[in-house]
Amino acid sequence: MRLIRLISVVVFVGAGLSVAFAQTGGAEGTSRGAGDPTNGAMPTIVPEADTKPLPIAIPALKNVGTAPLGDAKGRAFSEVVSNDLAMTGVFDVLDPKSFNPTVLDRDGITQSTIQFKDWVGVGAQALVRGGIAVTGNRLRIAANLFEATTGKLAVEKVYVGDVDDLRHLAHRFADEVYRYFVKERSIFSTRIACVKEFGAKPDVTKEVFVMDFDGHGEKRVTWQNTLAMLPSWSPDGSRIAFTLSTKYNWDLWVADLRNGKQRALSEQPGLNTGAAWAKDGSRIALTMSKDGQAEIYTLKPDGTDFRRLTNNWS
């Protein structure tokens, strides 16, 4: 079975684009679930992506509220879930054009209101059905995963949040589907820290941005108007350490995504670059050249307690 697993890694894609991944807790909101994979629920269907991906039907959420916006948001939620699962290779997401409009209108979203034989008839072995209600800037989503061939309720989730949280909530539900069948956590709720380049030589600047794993939800982190590079996530995803080019130096800075504050951690003469966080977030390793050659040091995330680890002339 082909699986996707997130590891702590920094990669480079193309010229001048550095990317780092971090697992996050997802959007604001509440959820409840039955059949949560972490609680030991076991699927009776096991996808084998190397031979045949699991066919899954993911129709748009039903608009169970009064606001017309629920129709568009219901489609958007299902599209995000579909795209997430399709990119894994573990699932064969069925084309919504193959769904019978009469079945879509007739069926509800609960086990007793769905005629599963109609979904098996279009080739589905798994089925996602749900409803959405939008009230002002708030939404409520009920999303259920079923094994279509048995009618078993596999995952039941309710999410409450802002309308702007919809993509994050969809990623969270896609992760529930993935974990139910694969027993692995997905990358759907992770974020990417990257560097974007502005201007043309000799006036090029680079700034740190964050976005969802699929490229949506881009947000700018730094506004330094110089070269901000090599972003490195803290283990809890709340901070990003990065290297900043000042007039005469390369300094190590940190940005706190919770409050937007940024500050220097190390401004010693020469290099202060290449941050790598300890697994528990208690220390940061970096390269410094304040003594004439590049050496590895560690320090606390508040910029104190420097410790030199290497002493090699090079």
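Select Asp-291 and Lys-290. Their side chains meet in a salt bridge, 3.5 Å from N to O. The term covers a side-chain nitrogen of Lys or Arg within 4 Å of a carboxyl oxygen of Asp or Glu. Asp-291 is partly exposed at 42% relative accessibility. Lys-290 is partly exposed too, with 34%. Here buried stands for under 20% relative accessible area, exposed for over 50%, and partly exposed for what lies in between (1.4 Å probe, protein chains only).

Before moving on, note the ground rules. The model is predicted, so local features need pLDDT of at least 70 and side-chain atom pairs count only at pLDDT 80 or more, while totals for chains, interfaces and linings use all residues. Residues are numbered from 1 along each chain as its sequence is written, and side-chain values use heavy atoms, with hydrogens and water left out.

How many salt bridges does the structure hold? There are 17. Pick Arg-106 and Asp-118 next: their side chains form one of them, at 2.5 Å from N to O. Arg-106 sits in helix H2 (residues 101-106) and Asp-118 in helix H3 (residues 116-121), 12 residues apart. Helices (H or I, at least four residues) and strands (E, at least two) are DSSP runs, numbered from the N terminus. Arg-106 is partly exposed at 39% relative accessibility. Asp-118 is partly exposed at 23%.

Now select Glu-218 and Lys-196. Their side chains meet in a salt bridge of 3.3 Å, N to O. Glu-218 lies in the loop between strand E11 (205-212) and strand E12 (219-220), and Lys-196 lies in strand E10 (residues 190-198), so the pair ties together parts 22 residues apart in sequence. Glu-218 has a relative accessible area of 40% and is partly exposed. Lys-196, at 30%, is partly exposed as well.

E10 and E11 run antiparallel and are joined by eight bridges. Two strands count as paired if DSSP finds at least two bridges between them. Find Glu-197: it stands opposite Lys-206 in E11. The hairpin of E10 and E11 has six residues between the strands, and Gly-199 there takes a positive phi near 80°.

Move along to E12. E11 and E12 pair in the antiparallel sense over two bridges. Phe-209 has Arg-220 in E12 as its bridge partner. This hairpin also has six residues between the strands, and Gly-215 takes a positive phi near 90°.

Is E11 enclosed or open to the outside? Eight of its eight residues are buried, so E11 is largely enclosed by the rest of the structure.

**The nonpolar cores**

Select Phe-77, Leu-85, Leu-145 and Phe-173. These touch the most other members of the largest nonpolar core, which has 35 residues. A nonpolar core is a set of buried Ala, Val, Leu, Ile, Met, Phe, Trp, Tyr and Cys residues joined through side-chain atoms within 4.5 Å. Elements that each supply at least two residues include helix H1 (69-86), strand E8 (138-147) and helix H4 (166-182). H4 gives the largest share, 10 residues.

Zoom in on Phe-77. Leaving aside neighbours within four places in sequence, Phe-77 is in contact (heavy atoms within 4.5 Å) with Leu-61, Ile-141, Ala-143, Leu-166, Leu-169, Ala-170 and Phe-173. Another core, of 13 residues, lies apart from the largest one; Val-210, Ala-228, Phe-242 and Trp-253 are among its members.

Then select Arg-75, in helix H1. Arg-75 is partly exposed, with a relative accessible area of 45%.

**The four-strand sheet**

Select E17 to E20. They form an open sheet in the order E17-E18-E19-E20, with antiparallel pairing. Strand E17 (272-277) and strand E20 (307-308) are the edge strands, each pairing on one side only. E19 (residues 295-299) and E20 are joined by two bridges. Tyr-297 has Arg-308 in E20 as its bridge partner.

**Zoom out**

Show the whole protein chain. It has four helices and 20 strands. Of its 314 residues, 46% count as buried.
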